[in-house]
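Thank you all for making the time this morning.

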Amino acid sequence: MAFLQKDKVFTRKWFYSYALIVAGTFLVSLGYVYFITPYRIVPGGIYGISIVLHHLYGWPVGLTALAFNIPLTIIGTRVLGPRFGSKTVAGFVLTSLFVDLLSFYSGFKPLVDSDPLLSSLFGGALIGAGVGLIFKSKATSGGSDVIAMIIARYTKLPLGQLMMGVDSVIVLIGFLAFGDWRIPLYSWLTIFVMGKVIDAVLSGISYEKTILIVSDKHEEIRDKIIRDLNRGGTFLHGEGMYNGSPKKVIFTVVNRRELAMLEEFINQIDPKAFLTVMDANEILGQGFKSLKDKLED
Amino acid sequence: MTFIRNERLFSKKWFIAYTLIVIGSFILAAGFVFFINPYNIVPGGVYGIGIVVHQLTKGLFPFWPTGIPIGLFGLALNVPLTIIGIKVLGPRFGIKTVVGFILTSVFMDLLTMIVGENDPLGLAKDVFMASVFGGVTIGFGLGLIFKSKATSGGSDIVAMIIAKYTRLPLGQLMIYVDSVIVLLGLVVFRDWHIPLYSWIVIFVTGKVIDITMQGVSYDKTLFIVSSQFELIRDKIINDLNRGGTFIPGKGMFNNADKTIIFTVLNRRELAILEEYIHQVDPKAFVTVMEANEILGEGFKSLHDKISE
């Protein structure tokens, strides 16, 4: 039962989780209603299928998706065990509700006309932001991912690949249904942007840099980092691969501005120093957001 | 006074800095004139406000039939903002910043007189393309200006002043200030295309500024944990001609001694090394990270970077 993470009802955490789900499902719905559905873009998932059915038979997108999600969740629970909590159910019910309400409000018209490229990008960004918030509440997205999980269980193929496989099949159904090559291309753009934005929401956009410094003047650099930049760091005791001389490697994390100051300082005392600078997606710990903050927010 | 960096007059550094500013301002101005202004995109900043005011003042002055020139209006905002900025924040804005925004305004209005404001490149049917290329040119121009250590002035000063009093992070505030200006465009033009195109411009501009300032790096930082570290070392030193550092470690599972290789390679060398490691130790553990920037032996030197 380790999959099911339940928050106690009406605690602060519970309110926070459900606020994330409400905000997230609303953003997802805005994305579908104003950017994706009117242009017949089919970005995978249960909503992709529902968009196809909507344009072919006039069925409401949200209700159609709900009609898929309920049996899928039941089958998923039967086959895979109790993986899907009430948060997942609340998520897909709210999405369906918002999608159909907003569709009536928007009159099925896109926010911007005559630019499907613009719409596929912003649709992907909004849906990605929403799904990111839903994932933050520890709910699963349900829907077509359940199909991938069930196939994964019987075939032992990697889940990530299967999810992409299922979505690609849905994109191709869109192509077959509408007979227009622009549909799959816009759809893949939407899927791509969605993925990027989900990552950005979940791990945050960070301007911090991880740096590794190999320099003989490590003591001076250490003093600069500790005293002037007020940052910590770790010495790694290494050995040059070329001639086996002992080397100290400094491992530290600074922000952009501090990096510029540090580079200027190192250039003054040891222009031959070797340093590699990497983007840190996420830093947790002293001087940054703590791991505790992250898991509790 | 550490914020202002003055190069000695007519030194080599001084010439490089001012060349960057002149070229950067020209490219920045051209980005607006060719890609942004003709389509009423409002990508934040004083020129964003200038574009809105330009439209609102159409036909108001007989000598400016299409409205107040955008460059001139930008200048009219930049001068007081810089003065207020210096009063509130101290002498942060050097002569280079002032030269930068004056040149940008002059180039913008001159170029507009030459090429006109009516769809100069024929992109009216493809404004999306115009916003992407507008973002690229503006980002490149700003990147060059930043390289000369000038600030961009303008709406960033507003963000800096708010940051001083509220202690909110500056990066976030800059985004808020620009977003308010973007929404101003929506309110005035009453067309949702405007803010969406504007956000595309802002996004692309940010990416291109980073690329201009840091360069695109195809180098990778590697950590290799392998029992065959001696063989891998020989390959790196002898065949790839790269350096590296051994870092002693302990396996978390059984405390066995391990040697970690820390090295940096380019993409092609990475492929060669991975193939080799696969031959000598298929069970090796390799993590490959994108390196934004590598300075030191075998790469660009720190000295080159700081003195450029």
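Let me begin with confidence, since what we are looking at is a predicted model: the mean pLDDT of chain B is 86, with 96% of its residues reaching 70 or more. For the complex, the predictor gives an ipTM of 0.73 and a pTM of 0.78.

Turning to the make-up of chain B, you will find eleven helices and five strands, and, of its 308 residues, 40% count as buried.

How is chain B divided? There is a domain 1, covering 12-214, and a domain 2, covering 219-307, and the centres of these two domains of chain B, taken over C-alpha atoms, are separated by 43 Å.

Now to the interior, where, as a general point, nonpolar side chains in soluble globular proteins tend to be buried together. The largest nonpolar core here has 100 residues, and Tyr32(A) and Leu126(A) are those with the most contacts inside it. The element that gives the most to this core is helix α1 of chain B, residues 12-36, with eleven residues. If you leave aside neighbours within four places in sequence, Leu126(A) is in contact with Leu27(A), Leu30(A), Gly31(A) and Phe35(A).

Finally, there is a second, separate core of 34 residues, which includes Met241(A) together with Leu222(B), Ile247(B) and Leu273(B).

Notes. Residues numbered from 1 in each chain as written. Chains lettered and ligands numbered in written order. Predicted model: local features only at pLDDT ≥ 70, side-chain atom pairs only at ≥ 80, totals over all residues. Helix = DSSP H or I, 4+ residues; strand = E, 2+ residues; numbered from the N terminus. Buried ≥ 20, exposed ≤ 12 C-beta atoms within 10 Å, placed from the backbone. pLDDT = per-residue confidence, 0-100. Domains from an automatic or database assignment. Core = buried A, V, L, I, M, F, W, Y, C linked by C-beta atoms within 7 Å. Contact = placed C-beta atoms within 7 Å.
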